[in-house]
Amino acid sequence: MSGRLSSVVLFGLVVIALCIGCSVKEDRSVCPCVLMLDFSGVDPGRSDSSYLSVLSADGFLHRHTVHSDGYGRLYRTDVPKSGVSVNVYSPVSGYPDFSDMLGEDGASLIIPYGEECPAVDMFSVRVDTDAESVTVPVVLHKNYCVLSIEMVADTGQDLDLRIGGNICGYDKNAIPVFGDFSFSPGTDEGGFSSVRIPRQLDGSLRLFISDGDGVLREFAIGEYIIESGYDWKAPDLEDISVRIDYSRTEVTFVVNDWETAFDIDVEI
């Protein structure tokens, strides 16, 4: 009799367990989705770590740093079935820590005024997670442009350069954010300098040339870049080479293979 009672009790416990868990027969919408991120396409030679952020509109937030030794296997985490935004920032190997530029959600990036855009590749996607599991390949894109400037001047003056714009970073969907951007690159003895700039939405980028007394000239370099045929909508931003021949009578801009010149007496 006791053996039969034990069997009845055991059967009852099994039924209760099945009712509590996510069984096939019940509504599985209350169960989480297993999000699997495939980092196998990330080049460990270019980036030795990736900053991951997964968030949803209802307040869910998951942050993690995936190191290069984990790129070869799936990264798994439970997420709500209401859908999530996935953002990955992968700094180029050797780049200094930039975590202070990331927002509290780890999904947005704001460039402090006076600094250049960090050397970081990005991935951003909205994922439908209304399923038991979802696998997403992480495909990074170069979301910054290195603007290399060669300055040729015969004025006998020490000239300083400054790049100013109205894009200061990216939101959680990798969309450029409006805000003040300013960076003054140093110039070496050969007259070369460079600045990393974020993706632009228009031609508002400006180049300021100054001496010890203040700004001598302001140029609409953003417009010149667009006129040269540069594509700011490309998935991976190409770098730009600019040569500025600054003389007493004329300023010549060469953007990659495109060229334009201005009379120095004309306000630009």
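Predicted model: local features only at pLDDT ≥ 70, side-chain atom pairs only at ≥ 80, totals over all residues.
## The chain as a whole

The protein chain has 268 residues, of which 44% count as buried. Among contacts between residues at least 6 apart in sequence, 63% join residues at least 24 apart.

## An open sheet of three strands

Strands β4, β1 and β8 form an open sheet, in the order β4-β1-β8, and the pairing in this sheet is mixed. Its edge strands are β4, residues 74–79, and β8, residues 133–137, each of which pairs on one side only. On average, neighbouring strands of the sheet are turned by 20° against each other, direction ignored.

Strand β1 covers residues 33–38 and pairs with β8 in the parallel sense over 5 bridges. Within the sheet, Asp 38 stands opposite Pro 137 in β8.

Is Thr 77 buried or exposed? Thr 77 counts as buried, because its relative accessibility is 11% and the cut-off for a buried residue is under 20%. Leaving out residues up to four places away in sequence, Thr 77 touches Cys 33, Val 34, Leu 35 and His 62.

The table lists them with their bridge counts.

| Strand pair | Sense | Bridges |
|---|---|---|
| β2 and β3 | antiparallel | 7 bridges |
| β2 and β5 | antiparallel | 5 bridges |
| β5 and β7 | antiparallel | 8 bridges |

Strand β2 consists of residues 49–55 and strand β3 of residues 61–67. Ser 53 stands opposite Arg 63 in β3. The hairpin of β2 and β3 has 5 residues between the strands, and in this hairpin Gly 59 takes a positive phi near 105°.

Leu 52 stands opposite Val 88 in β5, and Ser 90 has Asp 121 as its bridge partner in β7.

## The largest pocket

Empty space can be found by rolling a probe the size of a water molecule over the atoms. The largest pocket has a volume of about 160 Å³. Its lining is formed by Met 122, Phe 123, Ser 124, His 141, Asn 143, Ala 174, Arg 199, Lys 233, Ala 234 and Pro 235. Which strand gives the most to this lining? Strand β7, residues 120–127, does, with 3 residues.

Ala 174, one of the lining residues, has a positive phi of about 65° although it is not a glycine. Ala 174 is located in the loop between β11 (160–170) and β12 (176–183). With a relative accessibility of 21%, Ala 174 counts as partly exposed, since a buried residue must be under 20%.

How many disulfides does the model contain? The count comes to 0, and the rule behind it asks for a pair of cysteine sulfur atoms within 2.5 Å. Cys 117 is in no disulfide, and the nearest cysteine sulfur, that of Cys 145, is 9.7 Å away. Likewise, Cys 145 is in no disulfide, with the sulfur of Cys 117 as its nearest cysteine sulfur at 9.7 Å. Cys 117 counts as buried at 1% relative accessibility, and Cys 145 is buried with a relative accessible area of 0%.

Ser 193 lies in strand β13, residues 192–198. Ser 193 is buried, because its relative accessible area is 8%. Apart from its neighbours within four places in sequence, Ser 193 is in contact with Leu 147, Ser 148, Ile 149, Leu 161, Pro 185, Gly 186 and Thr 187.

Key. Residues numbered from 1 in each chain as written. Heavy atoms only, no water. Pairing = 2+ DSSP bridges. Helix = DSSP H or I, 4+ residues; strand = E, 2+ residues; numbered from the N terminus. Axes fitted to C-alpha atoms, helices over the stretch in contact; angles between N-to-C directions. Buried < 20%, exposed > 50% of the residue type's maximum accessible area, 1.4 Å probe, protein only. Contact = heavy atoms within 4.5 Å. 1 Å grid on protein atoms, 1.4 Å probe; cavity = no way out; pocket = protein on both sides within 12 Å on 5 of 7 lines; lining within 4 Å. Points joined across faces, edges and corners; volume = space filled by probe spheres on them.
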